[in-house]
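Here is a friendly note to read with the model open beside you. Take the points in order and find each residue as you go.

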Amino acid sequence: YLKDILSKERGVSFGKFDNNKKTYLLVSPCHYKSLIENLGLQTIYYILNKCQNTVAERSFTPEVSIKNHLKKNNLHILSLESQTIPRDFKVIGFSFSNPLLLKDFFEWMELARISPLKEKRDKNDPLIIAGGMGIVNPEPYLPFIDVFFLGDSQNSIKKFNQLIQYKSKIKILKKAAKIPGIYVPRYSSSKEISNPIFEDKIEILHSPRFILDEASIIIDRGCKFGCDFCEYYYCLNGKYIYYNFERIKNSIDYLSKKGVKKIYIYSASAGNHPKIKDILRYIEKKNIIAELQATRIEQLNEGMLSYFSKNLNHLPLNLDAPSERVRKIVKKGSVSDDYILEIAKKAYDKYKIKNFSIYYIINYPNETKKDREEIYNFLKRILAIGKNLSINLYINPLFPSPKTPLERCKMELPEVTYR
């Protein structure tokens with residue numbers, strides 16, 4: 001099963017497991033797709049394997065049939081690269097892209113036959129470390145994680161790696177607590193939680209490993225806008241940088257030579273990048289399709305509409321609130337429903353785009369029934385634009401994120417949301 005997955009991967013190859021080296025198992029506790037698309041985890045994987053006398057491998061939670069097989073036959077989950085049991089690694093690192101993955105963490109630890117509770121682990125068990133946007137508030141994870149990496153961890157992971165030479169876990173933890181960007185319960189100051197690291201440089205813009213002909217690339221970091229519901233702006237203290245177009249081109253050239261046919265562009269809003277038109281044009285020149293993970297409606301210019309028309313034939317509209325009134329309250333922008341409809345009409349009439357993906361978030365504080373009814377009214381107006389028009393509708397409840405102005409809001413029960 002794992003060898004079959006590995007045979008379909010492309011990209012940089014690294015050395016195999018060696019117990020005499022510093023060994024890391026990097027885990028995306030969800031499915032394989034989340035592992036291969038996780039650029040943060042992949043960057044740390046790349047950095048560690050470049051470090052002297054260090055080997056990093058990867059793991060994920062397998063599909064249901066494999067999980068059941070492992071449990072039924074009392075078997076361990078194994079690392080992807082060398083099929084080694086997790087307990088043989090010196091460090092196991094988890095990437096939490098959101099807090100809901102804590103459930104998957106428990107499941108993975110069960111399959112690895114390692115106690116999730118750190119008080120029940122001993123000196124022979126691997127150190128458990130964690131990073132990602134899901135742990136910006138480490139509090140819920142304190143009983144389980146030994147070391148937290150807050151914010152960017154490209155430099156802090158290198159410094160941490162130098163400590164793995166020590167045999168004493170306590171010594172490693174005490175020294176790790178002194179590294180900026182690392183929080184170690186019991187030994188670190190709580191100030192570390194309030195000051196996540198933001199690094200302007202990044203070692204690699206594209207996926208070092210990717211599946212068959214699809215890969216990811218990051219074009220910028222941070223966000224300029226500060227929507228009340230999004231932790232990305234607040235966790236990085238409103239910082240924003242974009243990467244040089246020439247460097248992005250080099251990554252695109254590398255992926256093109258490796259046979260990549262589709263690139264996922266990672267950005268809080270791709271329209272923030274001043275060279276986004278040139279990036280899309282260059283990707284198109286290489287006969288590669290680009291999928292924009294996110295862009296704000298007010299940044300959908302003629303060039304982007306043209307690209308969506310020729311290459312994807314669908315248009316994403318991230319409304320992120322049920323009504324124009326609520327969008328203004330949560331700082332989603334001041335664009336009106338009429339303006340959005342104007343963009344959609346232009347996409348349909350001029351660029352022949354007939355498929356729209358529309359994204360909503362509901363259950364904000366002070367949101368009313370009338371606000372939610374605006375979803376229905378808006379969709380009717382979209383459908384009235386023309387014939388044979390289709391909509392993919394995505395409605396998610398608000399998940400109050402730490403560090404945002406909405407962090408203390410109540411999350412509605414499922415029965416309230418569905419009603």
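1. **A term to begin with.** A salt bridge is a side-chain nitrogen of Lys or Arg within 4 Å of a carboxyl oxygen of Asp or Glu. Keep that cut-off in mind while looking at Arg87 and Asp125, whose side chains meet in a salt bridge with N to O at 2.2 Å. The two residues come from distant parts of the chain, 38 residues apart: Arg87 is in the loop between α4 (64–72) and β4 (91–95), and Asp125 is in the loop between α5 and β5. Helices here are DSSP runs of H or I with at least four residues, strands are runs of E with at least two, and both are numbered from the N terminus.

2. **What you are looking at.** This is a predicted model, in which local features need pLDDT of at least 70 and side-chain atom pairs count only at pLDDT 80 or more, while totals for chains, interfaces and linings use all residues. Residues are numbered from 1 along each chain as its sequence is written, and side-chain values use heavy atoms, with hydrogens and water left out.

3. **The overall fold.** The chain has 16 helices and 16 strands. Its C-alpha trace spans about 65 × 50 × 45 Å along the principal axes. The radius of gyration is taken over C-alpha atoms, and the globule rule is 2.2 Å times the number of residues to the power 0.38. For 419 residues a compact globule would come out near 22 Å, and the chain's 23 Å agrees with that. Contact means heavy atoms within 4.5 Å; among contacts between residues at least 6 apart in sequence, 71% join residues at least 24 apart.

4. **Inside and outside.** Buried means under 20% relative accessible area, exposed over 50%, and partly exposed in between (1.4 Å probe, protein chains only). Buried residues make up 53% of the 419 residues. How exposed is Lys120? Its relative accessible area is 58%, so Lys120 counts as exposed. You will find Lys120 in the loop between α5 (102–112) and β5 (127–131).

5. **The nonpolar cores.** In soluble globular proteins, nonpolar side chains tend to be buried together. A nonpolar core is a set of buried Ala, Val, Leu, Ile, Met, Phe, Trp, Tyr and Cys residues joined through side-chain atoms within 4.5 Å. The largest one has 59 residues, and those with the most contacts inside it are Ile265, Leu315, Leu317, Ile358 and Ile382. Helix α14 (residues 337–349) gives the most to this core, with 6 residues. A second, separate core of 35 residues includes Leu26, Ile182, Val184 and Ile204. Back at Ile265, its contacts beyond four places in sequence include Ile217, Ile219, Leu280 and Leu292.

6. The structure holds 29 salt bridges. In one of them, Arg121 pairs with Asp146, with the closest N and O atoms 3.3 Å apart. Arg121 lies in the loop between α5 and β5 and Asp146 in the loop between β5 and β6 (147–149), so this pair ties together parts 25 residues apart in sequence. Arg121 is buried at 8% relative accessible area, and Asp146 is buried at 11%. Asp152 and Arg221 form another salt bridge, at 2.6 Å between the closest N and O atoms. Asp152 is in the loop between β6 and α6 (154–161) and Arg221 is in strand β10 (residues 220–222), so parts 69 residues apart in sequence are tied together.

7. **A charge without a salt bridge.** Look next at Glu231, in helix α9 (residues 231–235). Glu231 is buried yet has no salt bridge, and the nearest side chain of opposite charge, Lys403, is 11 Å away. What does the side chain of Glu231 make a polar contact with? The partner is the side chain of Ser401, at 2.8 Å. A polar contact is a pair of N or O atoms within 3.5 Å; within protein, one must be able to donate a hydrogen and the other to accept it, and residues adjacent in sequence count only if both atoms are side-chain atoms.

8. **A buried arginine.** Arg327 sits in helix α13 (residues 324–329) and is buried at 3% relative accessibility. Its side chain reaches the backbone oxygen of Val335 at 3.2 Å and makes a polar contact with the side chain of Asp337 at 2.7 Å.

Key:
Lys and Arg count as positive and Asp and Glu as negative; His and the chain ends are not counted.
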